[in-house]
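Please open the model in your viewer, with residue selection at hand, and follow the stops below in order.

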Amino acid sequence: MAPSSVVVTIEKASNISLIEINDSKSSVFQEKQKAASTRQVTWFFLLRVQRLFSCISWLATCFKSGFSLIKKRVALSGDVGEEDPKYRGRLYSFIRVFLAISVVALVIEVTAYFQRWDLKMIHPWEVQGLVHLSYMSWISFRVNYIAPAIMMLSKFCIVLFMIQSVDRLALGIGCFLIKCKKLKPEIKGEAYDVEDCSSFPMVLVQIPMCNEKEVFATSISAACQLDWPKDRFLVQVLDDSDDSLLQLLIKNEVSSWKEKGVNIIYRHRFIRTGYKAGNLKSAMSCDYVKDYEFVAIFDADFQPNPDYLKLTVPHFKGNPDLGLVQARWSFVNKEENLLTRLQNINLCFHFEVEQQVNGYFLNFFGFNGTAGVWRIKALEESGGWLERTTVEDMDIAVRAHLNGWKFIYLNDVRVLCELPESYEAYKKQQHRWHSGPMQLFRVCLPAVLSSKISKWKKANLILLFFLLRKLILPFYSFTLFCIILPLTMFIPEAELPVWVICYVPITMSILNILPSPKSFPFLMPYLLFENTMSVTKFNAMISGLFQLGSSYEWIVTKKTGRSSESDLFALGERESKTLGEEKIQRRLSESGLEMLGKLKEQEAPVVKKKNRLYRKELALASLLLTAAARSLLSAHGIHFYYLLFQGLSFLVVGLDLIGEQVS
């Protein structure tokens, strides 16, 4: 065969060269290329199908494991206790009714969607039966009556939302100015003479506690090791424990420090009235208190550094109208689990921004109940500790402010403590923290209005301190995101704008998370968890405002002893060096109380604790997921994703899958 001819033609037009190749075998090449491309497409689709099946298999495994986990949690929690009914009340009944109506509405909407019923079909001859007529009547009723009411409520909540956002933004700007200009409180007077101990003022150190067996030893140890002349401070251990063995352990600990030369006293009340406020009030009634000028207060899980008094007390010198110096909290277990990480974000913003800005620019903020030093004269002139609310710390701060006393917040002075690691403990703590301010608002409003402070300070105290930050925040957060938003899925005529659901909340969350930049990966969990906690805060706010349910219940936050773990070995070494091993062994052999208590604790039967179910959160999870299913029919996009993930976050919290897990 003659070889096939190849003709090459080159044409030049301006700067472009065209090459044309004519080959008799070119059709064969094209067929080979087509076959190769066909095989590539086949392999491409096979890979896609394989990935699809892998994804489906992974999702099925996740759903299966999730369902088995939920089933196991329900089975384990059913026999021990669900959430106490007093924490549910009427709000839980309302959510259940709302959920039932939503499920019925979802069934109707799904039926209407597949039947392709349309609002435009309003002519009588176009109605397809009684059910269709009922559906058309429902649409007409919701357009004319329900949607306008929902729109009015949503606009009201949006206005509150924006006011609160402006307040957060103003606080952020204030904190930015403090950081940029390096503003902080300065000590006006001269330093105390180290060589002359009499120049140091007399300081009373109080440690109120109640059944704090995990942390009492290290709190007493930290207080006794404060760097202050030994004859110029006294440690009061105010024990309200009802466990006789624990009382013996605390007495033994106090005796050991007294043997080391520390001025320390153990006090125990036989009748525990007034909770912490009653305990502090009883301690301040002692005759020897009149010899002291200042009082430092530490809860049982707080460990001040030895230089704490030297960093705080000198601020009172040359500042006679200063009543309180507050230090910042620092958390030893902030990375223990997801719950503690999210709490750390909130509290970092509270101390870094709220307390620092209010302290520097207004000389007023809410006392945190611990890690603070009070001028005893300020306490006495303000009426002392009162038992009328569950937030005795905020109560005394407001009364001192009304009497003209100023406060200083020291962001650089930090005191170690621990965060609640279980959702049960955190929920009870937040209930007390949000019901108490509303009790106090009811009680002290007449005193605020009749006080002699300026109108600006009255407005700040009523509008910002109480209403905006204690009442409005939980109200709009729960109403807007947990009630109105799912409701608008069934009332599409009252749809919320995307910026309310997405952009502004994310912006505010970023602002809240700035003081703890390492927490940025937890931005979305933080946003969802804050909305989830709104049901607890809203319920607590309502119960405190109207004196309902458990508004006056004072529950001690459960401690795990994390704040003491880091210092156990150092504490043991210090004791062995200062006292000698023989003295330690002799003290234990003489009293035997500590060893006796430990042995009896070991012999006691172990009660297995189990995680709980929280019905309000589970009901809201079902409600939000039902609304998410409804939003699919309308293709709402961002509304669907928000409702889906918010519903899942409520489900996780309702099943007690966040925080400390116990088997």
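Which residues in α12 meet which residues in α14? Select Lys470, Leu471, Pro474, Phe475, Ser477, Phe478, Thr479, Phe481 and Cys482 in α12, and you will find them meeting Asn531, Ser534, Val535, Lys537, Phe538, Met541 and Leu545 in α14, where contact means heavy atoms within 4.5 Å. By class, this contact has 10 nonpolar, 4 polar and 2 charged residues, with Ala, Val, Leu, Ile, Met, Phe, Trp, Tyr, Cys and Pro counted as nonpolar, Asp, Glu, Lys and Arg as charged, and the others, Gly among them, as polar.

This is a predicted model, in which local features need pLDDT of at least 70 and side-chain atom pairs count only at pLDDT 80 or more, while totals for chains, interfaces and linings use all residues. Residues are numbered from 1 along each chain as its sequence is written, and side-chain values use heavy atoms, with hydrogens and water left out.

Now show the whole of helix α12 (residues 455–490) and helix α14 (residues 523–545), which pack at an angle of about 130° with their axes 8 Å apart; helices here are DSSP runs (H or I, at least four residues), as strands are (E, at least two), numbered from the N terminus. Axes are lines fitted to C-alpha atoms, for helices over the stretch in contact, and angles run from 0 to 180 degrees between N-to-C directions. The angle makes α12 oblique to α14, given that under 35 degrees counts as roughly parallel, over 145 as roughly antiparallel, 65 to 115 as roughly perpendicular and the rest as oblique.

Next, select helix α19 (residues 615–634) with helix α20 (residues 638–654), whose axes come within 8 Å and cross at roughly 160°. The two helices are therefore roughly antiparallel to each other. Their contact has 15 nonpolar, 4 polar and 1 charged residues.

Finally, turn to Lys184, Pro185, Glu186, Tyr409 and Leu410, which are the closest to the centre of the second largest pocket among the 27 residues that line it. The largest share of this lining, 8 residues, comes from β9, and by class the lining has 12 nonpolar, 6 polar and 9 charged residues. A pocket is an open set of points on a 1 Å grid over the protein atoms alone, where a 1.4 Å probe fits, with protein on both sides within 12 Å along at least five of seven lines, and lining residues have an atom within 4 Å of a point.
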